[in-house]
Amino acid sequence: MSANNYSTTQTPKSQGKVFIIGAGPGEHNHLTVMGQNLLAQADVILYDALIDPELLNLAKKTCLKILVGKRGKGPSTSQSTINQWLVDYCCQGYHVVRLKSGDPFIFGRTRSEILTLNSAGCLVEVYPGLSSALAVPLLAGIPLTDAQCSQHFTVLSAHAPDNLDWSVLARLDTLVMLMGGRQLKTIVDHLRQNGQSAQHPIAVIRWGGRHQQQIWTGTLATIVAETRGELLSPCVIVVGEVVNLRSTLGLSFPANTEYAHRSDAGRLTMGASLVRSDLPLTGKTVLVTRAVAQSTTFRDALTSVGATVIDLPALEIGPPSSWKDLDAAIASLDRFDWLILTSANGVTNFLDRLCHAELDARALASVKIAVVGRKTASTLQKYGLKADYIPPDFVADALVDHFPDGGQLAGQTLLFPRVESGGRDILIQQLTAKGATVKAVAAYQSRCPEQIDPNALQALRRRTIDVVTFASSKTVRYFYQLIQQAAGNEEISEWLNPITIASIGPQTSFTCQEVFGRVDIEAQEYTLDGLTQGIVDYFGGSQAIS
């Protein structure tokens with residue numbers, strides 16, 4: 001996302017400040033209390049790709065959130081651009097949070113950002129985070145020091161192993177390596193060539209501190225073979241006798257944290273004490289194609305009934321190319337009779353823009369609000385507003401059929417904030433046919449991500465996905481576009497044939513039929529809860545989703 005397209009919705013303060021915060025190694029419960037407080041107060045957040053998206057939910061609704069990448073070989077904003085954005089937003093008077101994975105000073109480019117801010121006369125503070133170098137081994141049950149076998153440990157970046165002095169490193173008690181997932185064989189070769197025994201213990205911990213954590217343990221002789229074909233990044237590698245203490249100590253993982261590990265034989269197993277077998281979707285892996293920022297509630301619903309969830313964001317939501325039309329409509333709200341909202345994105349962006357115009361809910365006093373869908377209504381209520389009308393079937397077509405006052409719309413003027421690329425054209429036609437004047441304005445845009453999520457791609461290739469879910473027609477088309485790009489010479493049908501296709505409602509099902517030639521599950525109630533229930537019912541479960 002380009003920050004040039006964004007505009008904050010806050011009134012600038014007289015003095016801006018930048019807070020550089022470490023997000024910790026994984027999920028939001030590893031963030032410091034200070035970090036939580038600063039996120040809640042932020043006007044602008046620039047965040048790295050590896051942070052848990054749930055952290056962004058701690059920010060206020062009017063906060064501007066900008067993804068800057070910084071993950072392996074994935075797309076990233078240049079460091080010079082990030083530096084300039086920090087200066088620009090700070091100089092506009094905003095409280096800016098630079099949210100980094102782990103700890104800001106452990107292999108982060110924090111020095112460059114601070115020097116740039118200092119040169120521009122900007123105030124800056126730095127707050128620590130739990131470094132993955134320390135926390136991830138602990139969460140895998142591996143101590144880094146021990147009175148008998150590890151008097152010290154060394155942390156190093158292994159993305160360029162040929163530049164390191166392995167004659168020294170091979171003699172140290174314990175090595176903790178970050179950014180070494182793609183270099184595992186080279187690391188092992190260097191250690192063996194510099195005197196390490198083939199039986200020396202090693203562990204590879206992928207996605208440490210996350211619900212999808214995986215652990216491989218073995219020796220320098222076995223670890224490359226055990227991990228062959230696996231996507232290891234992002235990972236922490238631990239080398240030393242302390243790895244063997246994992247089985248000796250038998251440390252348990254934090255409650256409610258799912259994890260997977262490999263035994264020395266290389267067989268992937270789940271932590272048996274943490275996986276309930278009585279839930280209806282236990283053993284099923286569900287691919288969720290919603291945008292990352294919108295998938296949390298859906299993921300929670302699926303995991304609550306036993307599913308393993310993998311994210312494949314097939315949709316990115318951003319601002320429209322111009323706010324001109326929406327701003328003009330907001331400036332003349334008194335000429336509209338109804339505000340039509342058909343998505344949570346429409347609600348959020350419209351009300352954020354209302355705030356940007358230094359207006360509040362009182363500006364809507366003379367306007368009635370109609371919404372489509374429970375999620376849209378719920379999002380509206382979070383802003384302290386209640387819809388005047390919600391159609392009974394949660395679909396846009398029902399809005400016209402059941403419109404209040406007998407559907408008498410002649411002479412009525414309706415404001416319809418929607419996605420920039422259009423959409424709901426039939427709704428506009430039907431409203432117009434009833435005599436209404438409809439003003440459709442761009443409130444946001446949706447687009448296909450540049451590339452497929454690598455974790456999801458690996459799961460598709462390994463045929464470990466049981467269900468793929470679609471909550472809109474666009475996610476169907478963008479999903480297919482992403483897998484076409486990623487498949488290369490491979491047959492897409494071989495990926496898709498074993499997978500159950502689940503749709504949220506009739507329009508999405510129609511698109512599934514167009515693109516895939518089938519749809520296996522259609523929610524009876526056209527909501528995410530209804531979609532979850534449909535998947536449970538399909539696999540023979542009897543549990544009702546509350």
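Guide: Of the 546 residues in the protein, 52% count as buried, meaning under 20% relative accessible area with a 1.4 Å probe and protein chains only. The model is a predicted one, so local features are kept at pLDDT of at least 70 and side-chain atom pairs at 80 or more, while totals for chains, interfaces and linings take in all residues. Numbering runs from 1 along each chain as its sequence is written, and side-chain values use heavy atoms, leaving out hydrogens and water.

Among contacts with a separation of 6 or more, 67% link residues 24 or more positions apart, a contact being heavy atoms within 4.5 Å.

Let's settle on the mixed sheet. Its five strands form an open sheet in the order E15-E19-E18-E16-E17, with mixed pairing; strands count as paired if DSSP finds at least two bridges between them. Strand E15 (316-318) and strand E17 (368-371) sit at the edges with a single partner strand each, so one side of each has no neighbour in the sheet. On average, neighbouring strands here are turned by 30° against each other, ignoring direction.

E15 and strand E19 (residues 437-447) run antiparallel to each other and share three bridges. If you want a landmark, find Gly318, whose bridge partner in E19 is Gln445. Now look at what packs on the sheet: helix H12 (residues 374-382) touches strand E16 (338-341) and E17, and its direction makes about 140° with that of E17. These angles run from 0 to 180 degrees between N-to-C directions, and axes are lines fitted to C-alpha atoms, for helices over the stretch in contact. Helix H14 (residues 425-433) packs on this sheet too, touching E16, strand E18 (413-419) and E19, with its direction at about 175° to that of E18.

The axes of helix H10 (residues 324-331) and helix H11 (residues 344-356) come within 10 Å and cross at roughly 65°. H10 and H11 are therefore roughly perpendicular, a label for angles of 65 to 115 degrees; under 35 is roughly parallel, over 145 roughly antiparallel, and the rest oblique. The crossing of H10 past H11 is right-handed, which is to say that the near helix is turned clockwise from the far one by less than a right angle. Leu326, Asp327 and Ile330 of H10 make the contact with Asn349, Phe350, Arg353 and Leu354 of H11. By type, the residues of this H10 and H11 contact are four nonpolar, one polar and two charged. Here Ala, Val, Leu, Ile, Met, Phe, Trp, Tyr, Cys and Pro are nonpolar, Asp, Glu, Lys and Arg are charged, and the others, Gly among them, are polar.

For context, turn to the parallel sheet. This open sheet also has five strands, ordered E14-E13-E20-E21-E22 with parallel pairing. Strand E14 (308-311) and strand E22 (521-522) are at its edges, and each has a single partner strand, so one side of each lacks a neighbour in the sheet. Inside the sheet order, strand E13 (residues 285-288) and strand E20 (residues 467-470) pair in the parallel sense over three bridges, and Val286 has Val467 of E20 as its bridge partner. Helix H18 packs on this sheet, touching E20, strand E21 (500-503) and E22, and its direction makes about 145° with that of E21.

H18 has a helix partner as well. Helix H16 (residues 473-487) and H18 (residues 506-516) pack at about 20° with axes 8 Å apart, and H16 and H18 are therefore roughly parallel. H16 passes H18 in a right-handed crossing. On the H16 side you'll find Ser473, Val476, Arg477, Phe479 and Tyr480, meeting Gln507, Thr508, Thr511, Cys512, Glu514, Val515 and Phe516 of H18. The residues of the contact between H16 and H18 come out as six nonpolar, four polar and two charged.

Technical notes
Helix = DSSP H or I, 4+ residues; strand = E, 2+ residues; numbered from the N terminus. Buried < 20%, exposed > 50% of the residue type's maximum accessible area, 1.4 Å probe, protein only.
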